[in-house]
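Entries follow in the order I made them.

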Amino acid sequence: AKDLVQFRNLETHFHTSAGVVKAVDKISFSIREGETVGVVGESGCGKSVTAMSLMRLVEGPHGVIAGGEILYEGKDLLKLSKREMSRIRGKDISIIFQEPMTSLNPVLTIGDQITEPLMMHLLLSRKEARQRAIELIELVGIPRAEQIYEAYPHELSGGMRQRIMIAIALSCNPKLLIADEPTTALDVTIQAQILDLMREIKRKLGTAIMLITHDLGVVAEMADYVIVMYAGKIIEEAPVLELFQNPQHPYTKGLLQAKPVLGQSQERLYSIPGQVPNPIELEDNCHFHDRCEFCMDICRQQQPPFREHGEKLHKTACWLYEEVGVAR
Ligand code: SF4
Ligand code: MG
């Protein structure tokens, strides 16, 4: 399949009183048409910031895209005006978040919220938009669509609200759906239903999905391709089966071995010892070196190159796979 989105050396920084946080530090990867890319890593590793950079929602008084390109169908989104970008956002690329209650407007009916993008982006009349909205509510598997159309968000369950968010996100037939921890706030049964729905959408509509999650179980079930992020960097990427069968980076291996710890918050499930480094003090070395049992001198001194080691399409940034000669 063709590349739909290409991140090239993307750098997104936040200026804080303590210093510059390189939240995303020169990352490159692609999302192909109709493909689900899972982006995994612990809280604060740069997953969401990558997605927000793609939507051009990070720039502000503190956030800046400091370098790189984000090509969408070959066009650099970072060069678009605000106006051009708002035409792409919600139409070609749309996003759903973890907590649908905060993304839905509590004072507007479900119908109003689904018809709005249809009238704005597709210039449908109110009547046409209503018809399409009802089809969308049915598409996301909610019965009695006409009744739901008139309902307010608080009248729906969490799972139903997330289905509505998906309906809104799909309303303009986007080529890419970004889902940022879409099921984290839901209980396990509902979680499985929402994932089924997303798989069905991908199959029926051919929508590419960028699935951001800390949950490797979700990735195993959903993704075609996996990107593993750590402290602002991509440290490994591979097709899903290859990643699970043959993980290369010590961090990825740790993630795959880690068992969920009962009673711990959702984003701190991993039992890899140690802490993610302070994002302000990151150096040009392996950001995982403090936690890595294989750490060598060179790991503290230089950043490992990110490249293929053996298997095609499987890339890793780790000195263990390089001929480092005397440094070892
Ligand atoms: Fe561990 Fe060194 Fe590989 Fe980093 S580069 S993961 S410290 S072995
Ligand atoms: Mg996040």
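I started at one strand pair: threonine 12 stands opposite valine 24 in β2. Strand β1 (residues 3-16) runs antiparallel to β2, and 11 bridges join them. I took strands (E, at least two residues) and helices (H or I, at least four residues) as DSSP runs, numbered from the N terminus. Two strands pair if DSSP finds at least two bridges between them.

This is a predicted model: local features need pLDDT of at least 70, side-chain atom pairs count only at pLDDT 80 or more, and totals for chains, interfaces and linings use all residues. Residues are numbered from 1 along each chain as its sequence is written, while chains are lettered from A and ligands numbered from 1 in the order in which they are written.

Next, the whole sheet. I read an open sheet of four strands, in the order β2-β1-β4-β5, with antiparallel pairing. β2 (19-32) and β5 (75-76) stand at the edges with a single partner strand each, so one side of each has no neighbour in the sheet. Helix α1 (residues 47-54) packs on this sheet and touches β1, β2 and β4 (63-72). Contact means C-beta atoms, placed from the backbone, within 7 Å. The direction of α1 makes about 70° with that of β2. Axes are lines fitted to C-alpha atoms, for helices over the stretch in contact, and angles run from 0 to 180 degrees between N-to-C directions.

I then looked up the other sheet. It is open, has eight strands in the order β6-β7-β8-β3-β9-β10-β12-β11, and its pairing is mixed. The twist averages 20° from one strand to the next. β9 (residues 225-230) and β10 (residues 233-239) pair antiparallel over six bridges. Tyrosine 230 stands opposite lysine 233 in β10. Helix α7 (residues 158-170) lies across β6 and β7 (176-180), at about 170° to β6.

Which residues of α4 are buried? I noted Ile110, Gln113, Ile114, Thr115, Pro117 and Leu118. Buried means 20 or more other C-beta atoms, placed from the backbone, within 10 Å of the residue's own. Their cover includes α5 (126-139), α6 (145-149) and α7. Just after α4, leucine 123 takes a positive phi of about 55°.

Last, ligand 1. Of the 14 residues around ligand 1, Cys286, Cys292, Cys299, Cys318 and Trp319 come nearest. A residue is near if its C-beta atom, placed from the backbone, lies within 6 Å.

Technical notes:
Contact = placed C-beta atoms within 7 Å. Buried ≥ 20, exposed ≤ 12 C-beta atoms within 10 Å, placed from the backbone.
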